[in-house]
Amino acid sequence: MIAPGQYEIRGLAWSGNGKVKCVDVSTNGGVNWQSARLHEPVLSKALTKFTLPWHWDSQPALLESRAIDETGYVQPTITQLRKQRGSNSVYHNNSIQTWQVKPDGSVFDVQLA
């Protein structure tokens, strides 16, 4: 079991169109978003590290992040991606990934549709 408290959400963002301009992070399944801190170097078409401090109160959470690149492209939800490509597209799935945090601190990869 993991105790409630202060944690750091960390991740890597990437864009095939150029530099990552910003990364937004949600702790409630995309209802609200906060800007994460990007860490240098931020280079074109390269992985970019991001972090966001988070106080976890032991309540269930749905963590998501979305990258926005210098062209204005916003990483899509799975629903948005399926509207564009259909439901049989299995390659190049660049949709937002969701991580479920349970009250005991366990984390699971889930898909919201």
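Start with the second largest pocket of this predicted model by selecting helix 1 (78-85) and strand 8 (107-110), each of which supplies at least two residues of that pocket's lining. The space here amounts to about 230 Å³, and if you colour the lining by class you will find 6 nonpolar, 9 polar and 2 charged residues.

From helix 1, step back to P76, which sits in the loop between strand 6 (61-69) and helix 1. Is P76 buried or exposed? P76 is buried, because its relative accessible area is 7%, and buried means under 20%. Now show what surrounds P76: leaving aside its neighbours within four places in sequence, P76 is in contact with L81, N94, S95 and I96. If you then select N93, you can check that N93 and P76 are 9.7 Å apart, C-alpha to C-alpha, while they are 17 residues apart in sequence.

Finally, move to the largest pocket, which holds about 280 Å³ of space, and select W14, S15, A67, Q75 and N94, the residues nearest its centre out of the 16 in its lining. Strand 1 (5-13) and strand 6 are the elements that give two or more residues to this lining. Which element contributes the largest share of the lining of the largest pocket? That share, 5 residues, comes from strand 6. Coloured by class, the lining of the largest pocket shows 8 nonpolar, 6 polar and 2 charged residues.

Key
Residues are numbered from 1 along each chain as its sequence is written. This is a predicted model: local features need pLDDT of at least 70, side-chain atom pairs count only at pLDDT 80 or more; totals for chains, interfaces and linings use all residues. Side-chain values use heavy atoms; hydrogens and water are left out. Helices (H or I, at least four residues) and strands (E, at least two) are DSSP runs, numbered from the N terminus. Buried means under 20% relative accessible area, exposed over 50%, partly exposed in between (1.4 Å probe, protein chains only). Contact means heavy atoms within 4.5 Å. On a 1 Å grid over the protein atoms alone, a cavity is a set of points where a 1.4 Å probe fits but cannot get out, and a pocket is an open set with protein on both sides within 12 Å along at least five of seven lines; lining residues have an atom within 4 Å of a point. Grid points are joined across faces, edges and corners, and a volume is the space filled by probe spheres set on the points. Ala, Val, Leu, Ile, Met, Phe, Trp, Tyr, Cys and Pro count as nonpolar, Asp, Glu, Lys and Arg as charged, and the others, Gly among them, as polar.
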